[in-house]
Amino acid sequence: MKVLVIGANGKIGKRLIKKLKQSPHNPVAMLRKEEQVAELNKKGIQTVLADLEGNFEHAFEGVNAVVFTAGSGGHTGADKTHLVDRLGAKKAVDMAVKHNLDRFIMVSAFGADYSSDKWPDSMRHYYEAKADADNHLMQTNLNYTIIKPGRLTDESGTNNISIGVDVGQEKGSIPRADVATVIEKIITKDNTFKNAYELVSGETSIDRALSTL
């Protein structure tokens, strides 16, 4: 399966394209800068130059699935969050529908489906954007999976997680490496279609946890 990774230069995206390259799937890394393209091409990874804030429909040609793991980043304001995390994500969903793609995986945020009174004021714009994009995806006929990881870390993956509609805790953390592993493994898992899951570190191996969803 050819998988378009939107946000391929991000911290989850970089890990994901490496895992996809070593899997039966073929990653297509969507990138904004020419120098990023050259670097990945040297590693044998297919790339497409496109910008979420512009017209990026050409990136969907010839792919079978999409992973949206782009984000404006914590250093940007509400305006950039609106452009990337909300509008960029919703445009990606619409283009997947237009191109008759079957599979869409959205990396959202733990708490995006909470009542808005639980969102801290400083992060309200972020959660509003994520929730809007998630809801937009859920209104389609795409075989979607929404992953809502807890606080992301750069620690080495443990390969042990807790995943479910409700993992039974307010919030936990998880290494980005484990998030990338989960994404790679669920691409063809039809038991995850049309579902949204919270994801944090836990005590169950990834393979076992995914098999029981």
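1. Axes here are lines fitted to C-alpha atoms, for helices over the stretch in contact, and angles run from 0 to 180 degrees between N-to-C directions. Helices (H or I, at least four residues) and strands (E, at least two) are DSSP runs, numbered from the N terminus.

2. On the source: this is a predicted model, in which local features need pLDDT of at least 70 and side-chain atom pairs count only at pLDDT 80 or more, while totals for chains, interfaces and linings use all residues. Residues are numbered from 1 along each chain as its sequence is written, and side-chain values use heavy atoms, with hydrogens and water left out.

3. The α3–α4 contact (heavy atoms within 4.5 Å) involves Ala78, Thr81, Asp85, Arg86, Ala89, Lys90, Val93 and Asp94 from α3. From α4 come His125, Tyr126, Glu128, Ala129, Lys130, Asp132, Ala133, His136 and Leu137. By class, this contact has seven nonpolar, three polar and seven charged residues. Nonpolar covers Ala, Val, Leu, Ile, Met, Phe, Trp, Tyr, Cys and Pro; charged covers Asp, Glu, Lys and Arg; the others, Gly among them, count as polar.

4. Arg86, in helix α3, has a relative accessible area of 16% and is therefore buried. Buried means under 20% relative accessible area, exposed over 50%, and partly exposed in between (1.4 Å probe, protein chains only). Not counting residues up to four places away in sequence, Arg86 touches Thr81, Glu128, Ala129, Asp132 and Ala133.

5. Helix α4 runs over residues 124-138, 15 residues in all. Its first and last C-alpha atoms are 21 Å apart, close to the 21 Å expected at 1.5 Å a residue; the expected span is 1.5 Å times one less than the number of residues. The buried residues of α4 are Tyr127, Ala129, Lys130, Ala131, Ala133, Asp134 and Leu137. They pack against α3 (78-98), β5 (103-107) and β6 (143-149).

6. The sheet is open and has nine strands, in the order β3-β2-β1-β4-β5-β6-β10-β8-β11, with mixed pairing. Two strands pair if DSSP finds at least two bridges between them. β3 (46-49) and β11 (204-205) are the edge strands, each pairing on one side only. Helix α2 (residues 34-42) packs on the sheet, where it touches β2 (26-31) and β3, and its direction makes about 170 degrees with that of β3.

7. β6 is mostly covered, with seven of its seven residues buried. Asn143, Thr145, Ile147 and Pro149 point one way from the strand, and Tyr144, Ile146 and Lys148 point the other way. β6 pairs with β5 in the parallel sense over five bridges, and Val107 stands opposite Ile147. β6 also pairs in the parallel sense with strand β10 (residues 195-201), over five bridges. On that side, Ile147 stands opposite Tyr197, and Pro149 has Leu199 as its bridge partner.

8. Where does the antiparallel pairing of β8 lie? Four bridges join β8 to β10, and these strands run antiparallel; the bridge partner of Gly164 in β10 is Glu198. Two bridges join strand β8 (residues 160-164) to β11, again antiparallel, and there Ile161 stands opposite Thr204.

9. Ile161, in strand β8, counts as buried at 1% relative accessibility. Leaving aside neighbours within four places in sequence, Ile161 is in contact with Ile174, Asp178, Val182, Leu199, Val200, Ser201, Gly202, Glu203, Thr204, Ile206 and Ala209. Ile161 and Leu210 are 49 residues apart in sequence, and their C-alpha atoms are 9.4 Å apart in space.

10. Val200 lies in strand β10 and counts as buried at 1% relative accessibility. With neighbours within four places in sequence left aside, the contacts of Val200 are Phe110, Gly150, Ile161, Ser162, Val167, Gln169, Gly172, Ser173 and Ile174. Val200 and Thr188 are 12 residues apart along the chain, with 21 Å between their C-alpha atoms.
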